[in-house]
Amino acid sequence: YLWDDKVRGLALRDRENSKTFFLKAKIKGRTRWIRIGRWGENTLTQARKVARQKRAEIAIGDDPTAARRKRHTLASVVQVWEGKEAQRLKPSTRSAYRRAFRDHWLPELGSRSMTTISRGDVERVHARLSAEQPTGANRALAALSSVWSHAEQWGMAPTGSNPCRGVRRNKEFSRDRFLSPHELQRLFKVLKTEDRGWADIIRLILLTGMRK
């Protein structure tokens with residue numbers, strides 16, 4: 001962040017692919033980041049003018065971010081997350097997040113504004129999932145919490161509003177998983193067609209119980 005020396009709170013966020021003007025301000029006791037616009041599309045002089053206008057609105061008690069935050073639904077946040085963050089996750093994690101939103105969070109809360117979703121709403125969905133999939137419910141909760149944290153960073157949800165905080169996770173237990181006789185037969189059949197060196201490594205793992 002490059003901070004302006006003339007308008008308090010005005011900064012240029014310098015990222016590899018973009019430079020954007022923001023105004024950092026306290027609104028009703030909370031820190032807000034107000035997006036002004038991209039550098040290049042806006043000059044420093046224009047950014048200063050907008051920042052001063054926003055500070056004047058805040059000074060008389062208005063919240064310039066309220067209307068914008070109200071428009072953001074959980075579904076719209078997930079759509080932004082898909083474009084900005086999804087590809088940074090491991091494929092397995094990305095798939096798990098997508099399933100959690102497709103099967104649970106979006107059907108229940110997708111059309112709701114981010115400002116109206118409460119911890120009680122999240123606890124209700126988590127409890128329903130926990131009755132059948134305790135561990136899966138925890139994973140779904142982690143997915144929502146992660147995406148919500150990004151929404152706060154992007155100004156699409158109020159700072160500190162993550163409703164997943166305080167929701168009690170289910171206790172998880174480690175478990176052993178052994179191949180059935182049928183699965184062993186299938187595995188040995190495939191190993192006969194593989195490179196001898198790699199096949200022997202798999203046989204060693206199988207016979208000793210070691211994990212890769």
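Visitor: What covers the buried residues of α1?
Guide: The cover includes β2 (10–14), β3 (19–27) and β4 (30–38). Helices (H or I, at least four residues) and strands (E, at least two) are DSSP runs, numbered from the N terminus. This is a predicted model, where local features need pLDDT of at least 70, side-chain atom pairs count only at pLDDT 80 or more, and totals for chains, interfaces and linings use all residues. Residues are numbered from 1 along each chain as its sequence is written, and side-chain values use heavy atoms, with hydrogens and water left out.

Visitor: Which residues of α1 are buried?
Guide: Ala47, Arg48, Ala51 and Ile58. Buried means under 20% relative accessible area, exposed over 50%, and partly exposed in between (1.4 Å probe, protein chains only). The buried residues of α1 fall within an arc of 100° seen down its axis, so they line one face of the helix. That arc is taken from the directions from the helix axis to the C-beta atoms. On the other side of α1, Thr45 and Lys49 are exposed.

Visitor: Why does proline 163 count as buried?
Guide: Its relative accessibility is 5%, so proline 163 counts as buried. Proline 163 lies in the loop between α6 (134–153) and α7 (181–191).

Visitor: What does proline 163 touch?
Guide: Not counting residues up to four places away in sequence, proline 163 touches Ile117, Ser118, Arg119, Val122 and Trp148. Contact means heavy atoms within 4.5 Å.
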